[in-house]
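Visitor: Please put the model on screen. I have some questions about it.

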Amino acid sequence: MAKETILIVEDDEDILQLIKFNVESAGYDAITASDGLEALNKARRHMPDLILLDLMLPGMDGFEVCKELKRGSETGRIPILMLTARGEEVDRIVGLELGADDYVVKPFSPREIILRVRAVLRRNKGEEDVRQSWRREGLSVDMEAHKAEIDDQELLLTATEFKLLSELIRHPGRVLTREQLLNTVWGYEFEGYARTVDTHVRRLRQKLGDYARFVETVRGVGYRFKE
């Protein structure tokens with residue numbers, strides 16, 4: 001069985017080599033890039049299973065790289081885990097809005113990186129999907145094929161967005177708290193990461209268009225898929 005490949009994009013050579021060592025020690029293949037343009041070229045050439053993307057890059061920064069990758073029909077499906085030293089929450093929210101699946105704030109431990117990588121790759125495979133398909137009006141979701149459509153036109157959802165939609169659909173009428181969604185969709189529980197859920201729900205609603213009404217907000221608690 002071929003190893004999963006991770007593209008590490010980081011301009012600090014010491015941090016780059018530290019992450020590369022731990023990624024390879026965890027059983028993955030690693031390729032590296034030290035600037036935005038190199039990252040885009042290697043992503044398009046190698047089509048990695050996941051990208052670890054630093055936001056503070058020379059020339060083209062991580063935000064622009066993320067935006068360009070998500071525009072591509074093929075690269076748009078590659079999950080992105082952002083690495084950032086910035087403390088402002090708005091920077092992380094912007095990254096999530098652009099399509100990143102998750103983020104880790106520097107300084108971080110190599111163990112945290114690997115745990116996050118595994119969680120993102122796990123949900124990208126859709127290993128926990130039980131219900132096979134769902135359809136209402138013009139919206140359909142095929143869990144097995146990992147595909148959602150509106151009026152027979154495929155929705156370009158990230159792995160996290162698809163996992164989030166699937167989790168809500170599997171519990172129609174039931175309120176799922178942000179903490180529950182963090183645990184089931186992202187695979188971890190961290191205080192202060194509830195905003196991650198809100199950002200992904202907002203982005204999912206934008207893509208659902210008229211069908212965004214199915215995803216209801218229960219103020220102060222979480223979200224519910226309309227029965």
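Visitor: What percentage of the 227 residues in the protein is buried?
Guide: This is a predicted model, where local features need pLDDT of at least 70, side-chain atom pairs count only at pLDDT 80 or more, and totals for chains, interfaces and linings use all residues. Residues are numbered from 1 along each chain as its sequence is written, and side-chain values use heavy atoms, with hydrogens and water left out. Buried means under 20% relative accessible area, exposed over 50%, and partly exposed in between (1.4 Å probe, protein chains only). The buried share of the 227 residues is 51%.

Visitor: What radius of gyration does the protein have?
Guide: The radius is taken over C-alpha atoms, and the globule rule is 2.2 Å times the number of residues to the power 0.38. For 227 residues, that puts a compact globule near 17 Å. The protein agrees with this, at 17 Å.

Visitor: How many helices and strands are there?
Guide: Both are DSSP runs, numbered from the N terminus: helices are H or I with at least four residues, strands are E with at least two. The count for the protein is 8 helices and 12 strands.

Visitor: What share of the contacts with a separation of 6 or more comes from residues 24 or more positions apart?
Guide: Contact means heavy atoms within 4.5 Å. Take the contacts in the protein with a separation of 6 or more. Residues 24 or more positions apart account for 59%.

Visitor: Is Asp54 buried or exposed?
Guide: Asp54 sits in strand β3, residues 50-54. Beyond its neighbours within four places in sequence, its contacts include Asp11, Thr84 and Lys106. Its relative accessibility is 2%, so Asp54 counts as buried.

Visitor: Where is the cis peptide bond that has omega of about -5°?
Guide: Look at the loop between β5 (102-105) and α5 (110-125), where Pro107 lies. The cis bond joins Lys106 and Pro107.

Visitor: How many residues of α6 are buried?
Guide: Helix α6 covers residues 159-169 and holds Glu161. Glu161 has 0% relative accessibility, so it counts as buried. Other buried residues of α6 include Phe162, Lys163 and Leu168. The helix is mostly covered, and its buried count is 11 of 11.

Visitor: What distance separates the C-alpha atoms of Glu161 and His200?
Guide: The two residues are 39 apart along the chain. They are in contact, and Glu161 also contacts Arg203, Leu204 and Lys207, among others. The C-alpha separation is 6.6 Å.

Visitor: Is Arg224 buried or partly exposed?
Guide: Arg224 lies in strand β12, residues 222-225. Leaving out residues up to four places away in sequence, it touches Leu168, Gly173 and Phe214, among others. At 27% relative accessibility, Arg224 counts as partly exposed.

Visitor: What is the phi of Asp152 near?
Guide: Asp152 is in the loop between β8 (147-150) and β9 (153-154). It is exposed, with a relative accessible area of 56%. Its phi is positive, in a residue other than glycine, and is near 65°.
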